[in-house]
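Student: I have a chain on screen and want to learn how to read its features. Can we take them one at a time?

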Amino acid sequence: MVGVRRRVVGVVAVLATVPLGLAGCGAFDGLAGQGAEPTPTPDEGPQRARERVQAYLDAMKAKSVADGREQLCEPLRESFDQAATGPNGDFAEHFSVPAATITDVRANGADQDVSTSITVKVGGKSTPTKVLFTVARADGQWCIAKETIGGHTPAPSGSPTEPT
């Protein structure tokens, strides 16, 4: 169980070591090259963030590196390409992701934090882990700017979300 836990931590740590301190990605506007989305409405951030993270989770389940890469902000893509299928990458062949759900979405300044619960299966053993994605706008597109271990506890229904 300890070995599985280390691998799960390693998977998340790989993407945490890429230049992910780019939350907001505003300094990199013009680099995404994905084509601008229509001008956002104030309330669309959570929806767009949820869509990007869900697409990434679906790509992890399907082992589709190209689909996963598409969800990332441009500055992260080179590091992602080098680490994604490595021994601890999100798309490594020796493990699978049988379950991944979004548990919370909330604003973090101009960005959106998306908390997830991911189950990683290695050698017949399943280990749940929490991963927090930061989704930002870059060059008119929403994209994943950061991935770290952890997440927010979902806010009770009907109450405002507060960072934890």
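Tutor: Let us begin with contacts, where a contact means heavy atoms within 4.5 Å. Among contacts in the chain with a separation of 6 or more, 60% are between residues 24 or more positions apart.

Student: What should I know about the model and its numbering?

Tutor: This is a predicted model, in which local features need pLDDT of at least 70 and side-chain atom pairs count only at pLDDT 80 or more, while totals for chains, interfaces and linings use all residues. Residues are numbered from 1 along each chain as its sequence is written, and side-chain values use heavy atoms, with hydrogens and water left out.

Student: How many helices and strands are in the chain, and how do the elements run from the N terminus?

Tutor: Helices (H or I, at least four residues) and strands (E, at least two) are DSSP runs, numbered from the N terminus. The chain has four helices and four strands. Their order is α-α-α-α-β-β-β-β.

Student: How do I read burial, and what percentage of the residues count as buried?

Tutor: Buried means under 20% relative accessible area, exposed over 50%, and partly exposed in between (1.4 Å probe, protein chains only). Here 45% of the 164 residues count as buried.

Student: How many aromatic pairs does the structure hold?

Tutor: Rings of Phe, Tyr and Trp (its six-membered ring) pair if their centres lie within 6.5 Å; planes under 30 degrees apart count as stacked, over 60 as edge-to-face and the rest as tilted. The structure holds three such pairs. One of them is Tyr 56 with Phe 133, edge-to-face, at 5.6 Å centre to centre and 65° between the planes. This pair links distant parts of the chain: Tyr 56 is in helix α2 (residues 44-62) and Phe 133 in strand β3 (residues 125-138), 77 residues apart. Both Tyr 56 and Phe 133 are buried.

Student: Why is the pair of Phe 80 and Phe 91 edge-to-face?

Tutor: The ring planes of Phe 80 and Phe 91 lie at 85°, with centres 5.7 Å apart, so the pair is edge-to-face. Phe 80 is in helix α4 (residues 74-83), and Phe 91 is in the loop between α4 and β1 (95-108), eleven residues apart. Phe 80 is buried at 0% relative accessible area. Phe 91 is buried too, at 1%.

Student: Which residues form one aromatic cluster?

Tutor: Tyr 56, Phe 80, Phe 91 and Phe 133 form it.

Student: Which charged end sits over the ring of Phe 95?

Tutor: A charge sits over a ring if NZ of Lys or CZ of Arg is within 6 Å of the ring centre and within 35 degrees of the ring normal. Here the charged end of Lys 63 sits over Phe 95, 4.5 Å from the ring centre.

Student: Which residues form a disulfide?

Tutor: A disulfide is a covalent bond between the sulfur atoms of two cysteines. The rule asks for a pair of cysteine sulfur atoms within 2.5 Å. The structure holds one disulfide. Cys 73 and Cys 143 form it, with their sulfur atoms 2.0 Å apart. The link of Cys 73 and Cys 143 is right-handed, with 85° about the S-S bond. Cys 73 lies in the loop between α3 (65-70) and α4, and Cys 143 in strand β4 (residues 141-149), 70 residues apart. Cys 73 is buried at 0% relative accessibility, and Cys 143 is buried at 1%.

Student: How many salt bridges are there?

Tutor: Side chains of opposite charge can pair when their charged atoms come close. A salt bridge is a side-chain nitrogen of Lys or Arg within 4 Å of a carboxyl oxygen of Asp or Glu. The count comes to five. Among them, Arg 106 pairs with Asp 104, the closest N and O atoms being 2.6 Å apart. Arg 106 counts as buried at 3% relative accessibility, and Asp 104 counts as buried at 7%.

Student: Which parts does the salt bridge of Arg 69 and Asp 81 tie together?

Tutor: The closest N and O atoms of Arg 69 and Asp 81 are 2.7 Å apart. Arg 69 lies in helix α3 and Asp 81 in helix α4, so the pair ties together parts twelve residues apart in sequence.
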